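I opened the model today and kept notes as I went. The entries below follow the order of my look-ups.

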Amino acid sequence: MNLKILSRNSNLYSTARLIEAAKKRKHNVEVIDPLKCDLIIEKKKPSVYYKGRYLSDTEAIIPRIGASITYYGTAVVRQFEMMGCFTTTESQALVRSRDKLRSLQILSRARLGLPKTVFTNYSRDVEEIIDHVGGAPLIIKLLEGTQGLGVVLAETKNAAESVIEAFNGLQARVIVQEFIKEAKGADIRAFVIDGQVVGAMKRQGKEGEFRSNLHRGGTAEVITLSDEEENAAIKAAKAMGLGVAGVDMLQSARGPLILEVNSSPGLEGIEKATGKDIAKSIIRYIERGI
């Protein structure tokens, strides 16, 4: 199989592991920088031109598209789809997953548990927004934030009002969410491939930190999901149309609450926490799909 990994850096842990897993299974694999692809659009013959050659022999792609290059990266994925290539992440699913508000609406429609969330058009009635999510403490998230950046815990009503008004003044789009106290600064990342959970870890924020992201100094340990948690993760990935997904959720008194469904989940944390070869599972998913 001729496989292309769409990534800007072949030395990143996730990209390097996918290369290793593909080579172990005797596939031809190449890392392609999506920003250096030219898309040739013509009747009946869409093509991708990269560093002086056409990538016409490509059978499958693994998109590792960072949030900062979503627009062009998605266009490249779409072009490969038009060429008949299998992709682990479809272009439309990638677009959906990068829009936090749209994602929450899709998950809500699928009747999945979510933290209560409010989104407004820079409403001046900040007090009412705070009341909608049950008062302080509460979470305020920038819609464009990643890896825990742009996420604020407002512990008091006054703090919440100040932060929301500041973001409104900057014309920055935010969502306001209820704070799930019983989660105790921890969340669960379930890694879903082709409709099955292949690994799960519990991430705990460092002392005094409510964000559990590993990029922010959090720690991870393997966890066995309850049936309810496993079903929620599978259902969330399916609702988002993702063959490969990292589903983040909180453990709450009313069951699992989905925070986010990541379309380009990192492999380092989950592989080290679980000891499982997740990269191999992704390659095997491609083998079944083409």
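**Entry 1: two lysines.** I started with Lys51, which lies in the loop between E4 and strand E5 (53-54). My helices (H or I, at least four residues) and strands (E, at least two) are DSSP runs, numbered from the N terminus. The model is predicted, so I took local features only at pLDDT of at least 70 and side-chain atom pairs only at pLDDT 80 or more, while totals for chains, interfaces and linings use all residues. Residues are numbered from 1 along each chain as its sequence is written, and side-chain values use heavy atoms, with hydrogens and water left out.

Phi of Lys51 is near 50 degrees, a positive value in a residue other than glycine. Most residues other than glycine have a negative phi. Is Lys51 buried or exposed? Lys51 counts as exposed, at 61% relative accessibility. My cut-offs: buried is under 20% relative accessible area, exposed is over 50%, and partly exposed is in between (1.4 Å probe, protein chains only).

Next I checked Lys44, in the loop between strand E3 (37-40) and strand E4 (47-50). Lys44 is not a glycine either, yet its phi is positive, about 65 degrees. Lys44 counts as exposed at 80% relative accessibility.

**Entry 2: a cis bond.** I looked at the peptide bond from Ala136 to Pro137 and found it cis, with omega near -5 degrees. Most peptide bonds are trans. Pro137 sits in the loop between helix H5 (126-132) and E9.

**Entry 3: the sheet.** In what order do the four strands of the open sheet run? I read E8-E11-E9-E10, with antiparallel pairing. Strand E8 (117-118) and strand E10 (151-154) are at the edges with a single partner strand each, so one side of each has no neighbour in the sheet. I count two strands as paired if DSSP finds at least two bridges between them. Strand E9 (residues 138-142) and strand E11 (residues 174-178) pair over five bridges in the antiparallel sense. I noted one partner: Ile140 bridges to Val176 in E11.

Helix H6 (residues 157-169) lies across E9, E10 and E11, and runs at about 15 degrees to E9. For this, axes are lines fitted to C-alpha atoms, for helices over the stretch in contact, and angles run from 0 to 180 degrees between N-to-C directions.

**Entry 4: the cores.** I take a nonpolar core as a set of buried Ala, Val, Leu, Ile, Met, Phe, Trp, Tyr and Cys residues joined through side-chain atoms within 4.5 Å. The largest has 26 residues, and Leu107, Val247, Met249, Ile258 and Val261 have the most contacts inside it. H7 gives the largest share of this core, five residues.

What does Leu107 touch, leaving aside neighbours within four places in sequence? I listed Leu112, Leu114, Ala236, Met240, Ile258 and Val261. Contact means heavy atoms within 4.5 Å. Another core, of 24 residues, lies apart from the largest one; Ala21, Ile270, Ile278 and Ile286 are among its members.

**Entry 5: aromatics.** I found two aromatic pairs. Rings of Phe, Tyr and Trp (its six-membered ring) pair if their centres lie within 6.5 Å; planes under 30 degrees apart are stacked, over 60 edge-to-face, the rest tilted. Phe86 and Tyr285 form an edge-to-face pair, 5.5 Å centre to centre with 75 degrees between the planes. Phe86 is in strand E7 (residues 86-87) and Tyr285 in helix H9 (residues 278-289), 199 residues apart. Both residues are buried.
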